[in-house]
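Here is a guided look at a structure, written for someone who likes to know the cut-offs behind each term. Have the viewer open and follow along.

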Protein chains: 2
Amino acid sequence: MGRSENMNTSISVLRLGHRRERDKRITSHLGLTARAFGADEIILSGDEDPSPLLTWNSVSNRFGGEFICRYESKPLRLLRKTAKDKNTLIVHLTMYGEKMEEILKKLPFDESILIVVGGTKVPGEVYGLADYNVSIGNQPHSEVAALAIFLNNYVDIDSLNNKFSGGEIKVVPTKRGKNILTLEEE
Amino acid sequence: MGRSENMNTSISVLRLGHRRERDKRITSHLGLTARAFGADEIILSGDEDPSPLLTWNSVSNRFGGEFICRYESKPLRLLRKTAKDKNTLIVHLTMYGEKMEEILKKLPFDESILIVVGGTKVPGEVYGLADYNVSIGNQPHSEVAALAIFLNNYVDIDSLNNKFSGGEIKVVPTKRGKNILTLEEE
């Protein structure tokens with residue numbers, strides 16, 4: 001069930017319209033959510049801000065796995081190019097889109113996808129460039145919630161077990177309290 | 001599948017350790033996520049801050065439904081009382097807990113639940129007071145993501161269709177662009 005991590009394609013997340021002060025923690029949480037639920041890459045756009053990239057890289061160093069983080073100053077150009085290339089599907093998460101349940105039925109699991117997550121004002125052009133405009137419910141909530149639920153439904157979570165190798169620590173599920181394994185360097 | 005909105009029990013979310021400046025938008029998104037995915041109530045604790053409550057009430061006025069928002073200055077007292085009462089299950093979302101998939105198999109759908117969502121430092125006592133400490137993956141991500149995925153798996157989303165009545169506007173799912181219905185007052 002769902003897309004397996006072992007496929008030879010990638011999941012990228014493009015964060016539009018980041019505002020350095022106002023979105024500091026939301027953007028940081030968005031990238032961590034992308035990483036935790038199977039994305040391979042996050043692309044920050046809007047204000048150029050090293051802070052979320054530092055957070056994401058630091059978490060990857062401690063908790064393992066490869067997670068690419070970069071800044072893109074011209075996100076619309078990237079989207080236009082991606083739309084033209086036809087190698088990658090563009091999935092735009094928006095409360096105005098079609099129901100996720102319907103889109104998941106037709107979304108292929110074996111193509112690369114670029115998930116676009118809006119900030120405040122998403123340019124109208126994005127709706128046209130997207131292959132799918134997808135809503136996770138039609139109530140206002142959060143880009144973090146939308147990304148989390150989308151990835152949780154699209155990616156096979158069991159296939160992620162091996163994604164986070166090479167870190168310094170590992171959390172072991174436990175009934176009460178905390179169980180943290182410190183991994184030795186080889 | 002999942003818990004139906006029509007049951008005579010409630011879902012509350014307790015947000016621990018809110019910090020007025022740092023958590024402004026995360027807490028706001030957390031409450032909107034609670035509302036959008038079927039919680040009946042959110043209880044804010046930590047810094048006393050009217051701003052998220054104003055946001056949540058304003059969204060309910062515009063988009064409909066009953067969503068209770070309140071501030072609680074003594075969250076641990078509330079948790080101890082809830083743990084003693086035995087009428088309500090306490091579900092603590094934490095990256096250190098047992099896997100959600102396992103817990104969902106045994107979590108009843110016909111009891112009231114109080115979902116506890118941590119901020120920075122969650123007191124150790126909370127892990128003991130909780131009936132279930134539940135992790136949504138064991139990677140660091142976001143309390144917004146954790147709440148979103150938990151509710152999306154626990155609540156039957158189709159049962160929410162009638163939850164949001166009485167609002168001023170309604171978003172209609174659409175392939176491109178935005179379709180917003182303005183509802184007339186009766």
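## Overall build of chain A

Among contacts in chain A between residues at least 6 apart in sequence, 80% join residues at least 24 apart; a contact here means that two C-beta atoms, placed from the backbone, lie within 7 Å. The model is a predicted one, in which local features need pLDDT of at least 70 and side-chain atom pairs count only at pLDDT 80 or more, while totals for chains, interfaces and linings use all residues. Residues are numbered from 1 along each chain as its sequence is written, and chains are lettered from A and ligands numbered from 1 in the order in which they are written.

Chain A has six helices and eight strands, in the sequence pattern β-α-β-α-β-α-β-α-β-α-β-α-β-β. These are DSSP runs numbered from the N terminus: helices are H or I with at least four residues, strands E with at least two. The radius of gyration of chain A is 17 Å, close to the 16 Å of the globule rule for 186 residues, so the chain is as compact as a globular protein of that length. The radius is taken over C-alpha atoms, and the rule is 2.2 Å times the number of residues to the power 0.38.

## The sheet and its helix

Six strands of chain A form an open sheet in the order 3-2-1-5-4-6, with parallel pairing; strands pair if DSSP finds at least two bridges between them. Strand 3 (68-71) and strand 6 (132-135) of chain A are at the edges with a single partner strand each, so one side of each has no neighbour in the sheet. Five bridges join strand 4 (residues 88-99) of chain A to strand 6 of chain A, and A:L93 stands opposite A:V134 in strand 6.

Helix 1 (residues 24-36) of chain A packs on the sheet, touching strand 1 (11-18), strand 2 (41-46), strand 3 and strand 5 (112-117) of chain A.

## Leucine 147 and its surroundings

Leaving aside neighbours within four places in sequence, A:L147 is in contact with residues including A:V13, A:L30, A:L93 and A:I115.

## Two copies

How does chain B relate to chain A? A rotation of 180° with 0.0 Å of shift along its axis superposes chain B on chain A (RMSD 0.0 Å), by least squares on the C-alpha atoms of residues with pLDDT of at least 70 in both. That is the relation of a two-fold axis. Of the interface residues of chain B, 98% are also interface residues in chain A, so the copies meet through the same surface.

Key
Axes fitted to C-alpha atoms, helices over the stretch in contact; angles between N-to-C directions.
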